[in-house]
Structures are given as structure tokens and as C-alpha cells.
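Here is a short briefing on one chain.

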Amino acid sequence: MNFDISRKRMVETQLVARGITDRRLIEVMLNLPRHMFVQEAMASQAYNDTSLPIGEKQTISQPYMVALMTEMLSLSGKERVLEIGTGSGYQAAVLSKLAGRVYTIERIPSLASRSRKLFDTLGLTNISMKIDDGSVGWASEAPFDAIIVTAGAPEVPLALVQQLQPDGRLVVPVGDQVSQVLNLVKRSADDGFTVEASTPCRFVKLIGSEGWSQ
Ligand code: SAH
């Protein structure tokens, strides 16, 4: 299995062909070994056009969804970014190459510890991580320039909007437990914010006080 060839094909056919244009993001996804973030038995499927199980009934998102949500954050390099739902760690690793520092929160300890080891192995030193309910954000590290929620919420979690910097952006899948739509929240310079709904998607549940109860 030649992962480099599969990865290049993934970027061309799944990302560029579908309209992803951010050159920095494309470069990162061309180089980041996604096969290391999935279970060993699934490594050969890591570059397929799909989400994959990662254990604990959770999933690593489809590559296109990672790219699309990341592009929606409009990162230029110095931002402080918060991610809710570390899961496999892949999305956090992508963000770590495009922003100044990434804060990521996972509620399931076994997933968190696997990801933490991977960040060490890959030398991703600008990622801070904690095991907690991320639906309420990370107040002691707020405000953030960008926030990404990689689990489906019943509504836009207002605690997260409040932890955005003025002009900051939040991307969150909002809907029922089966399907959602990506919502892009832009905080304005005053206390207001706008919400735009775009692409349909399917994420596992955001479980927590600003998410689903179970
Ligand atoms: N970004 C991940 C996607 C993981 S799936 C990746 O790149 O692989 C979503 C993850 O969100 C799951 O691991 C789930 O346990 C976690 N999650 C769900 N609700 C959460 C909450 N309230 N706080 C933190 N993590 C949560």
C-alpha cells in the first residue's frame, strides 16, 4: 500500500475537484499521514472518501468534511483555535499546522490518550488537550479566534459563541441526531453575531450540557 499515492489522489479527487482552494490547507492534507489516525486494521481505507470508525462508537470525519470545515475558519497562521471532539486527533493535527495554537477537548479518555500519544509522535507541540465536556468551551483559555465543533449539536452552543474573539468564527454541525447542516457563526465587533447554514452533514452526537443529554 503506497500511502503517498493514495493521499495525493485523495487531495485531487476529493478536495480540489470539489472546490477546496486554500493552498496552505491542501499542502497540509497532502503531507499529514491520515492512516496513522485510524485503527491499524483500517489503515488501507484511510484515504477513502468516507468517515471511518475509531472505536467507542465514534468516527474520524470524511477528508472532504475536514477540509471544508477548516477552510470555513479562514485561518492565516497565528490564530488560537478551539476544537470540540478530538476523536482520532486528525482534525486537531490539521489545525495545528495552520494556526498558532490548538486547544482540543474530548470527553472519552481512551480516545484522548491515543490522540495525545500521536501528537507527541508527530511532534505537534502546539496542541493543548483536556478531557472534559467541551460543549461549554474552555473558559480559562478564551477568547478564541476560531472554534470548530466536530460533533452534531441540537442548536448553536451559545457558551461557545461567547468564547469567540470579536470577528471570530465558529463552525458547528446543527440538527437532529441523524443529520445536520454546517452552521457558520461570525461574531461581530460588538456583541452580536450572524449565523449562516450551508452544507448537509452527518456527525456523531455532541453529548454535554450544551449538546444532547446522552
Ligand atoms: N475531530 C475528530 C472527529 C471525532 S468524532 C477527528 O478528527 O477524528 C466526534 C468526537 O466528539 C467523539 O470522539 C466524541 O467522543 C466527542 N464528543 C462528543 N461530545 C463531546 C463533548 N461534549 N465534549 C468533548 N468531546 C465530545
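Phe 193 touches Leu 158, Val 161, Val 185, Lys 186, Arg 187 and Ser 188, leaving aside residues up to four places away in sequence. The model is predicted. Its chain has a mean pLDDT of 97.

**Phe 193**
- Phe 193 lies in strand E9, which covers residues 193–201.
- The relative accessible area of Phe 193 is 37%. Buried means under 20% and exposed means over 50%, so Phe 193 counts as partly exposed.
- Between Phe 193 and Pro 173 there are 17 Å in space, C-alpha to C-alpha, and the two are 20 residues apart in sequence.

**Helices H1 and H3**
- Helix H1 spans residues 3–15 and helix H3 spans residues 63–72.
- Their axes come within 10 Å and cross at roughly 65 degrees.
- Angles of 65 to 115 degrees count as roughly perpendicular, and H1 and H3 are therefore roughly perpendicular to each other.
- The crossing of H1 and H3 is right-handed.
- On the H1 side, the contact is made by Met 10, Gln 14 and Leu 15. On the H3 side, Pro 63, Tyr 64 and Ala 67 make the contact.
- The residues of this H1–H3 contact comprise 5 nonpolar, 1 polar and no charged.

**Confidence**
- In the chain, 100% of residues reach a pLDDT of 70 or more.
- Strand E1 (residues 52–55) has the lowest mean pLDDT among the elements of the chain, at 96.
- Strand E3 (residues 80–84) has the highest, at 99.

How values were computed
Residues are numbered from 1 along each chain as its sequence is written. This is a predicted model: local features need pLDDT of at least 70, side-chain atom pairs count only at pLDDT 80 or more; totals for chains, interfaces and linings use all residues. Side-chain values use heavy atoms; hydrogens and water are left out. Axes are lines fitted to C-alpha atoms, for helices over the stretch in contact, and angles run from 0 to 180 degrees between N-to-C directions. Helices (H or I, at least four residues) and strands (E, at least two) are DSSP runs, numbered from the N terminus. Angles under 35 degrees count as roughly parallel, over 145 as roughly antiparallel, 65 to 115 as roughly perpendicular and the rest as oblique. A crossing is left-handed if the near helix is turned anticlockwise from the far one by less than a right angle, and right-handed if clockwise. Contact means heavy atoms within 4.5 Å. Ala, Val, Leu, Ile, Met, Phe, Trp, Tyr, Cys and Pro count as nonpolar, Asp, Glu, Lys and Arg as charged, and the others, Gly among them, as polar. Buried means under 20% relative accessible area, exposed over 50%, partly exposed in between (1.4 Å probe, protein chains only). pLDDT is the predictor's confidence in each residue, from 0 to 100.
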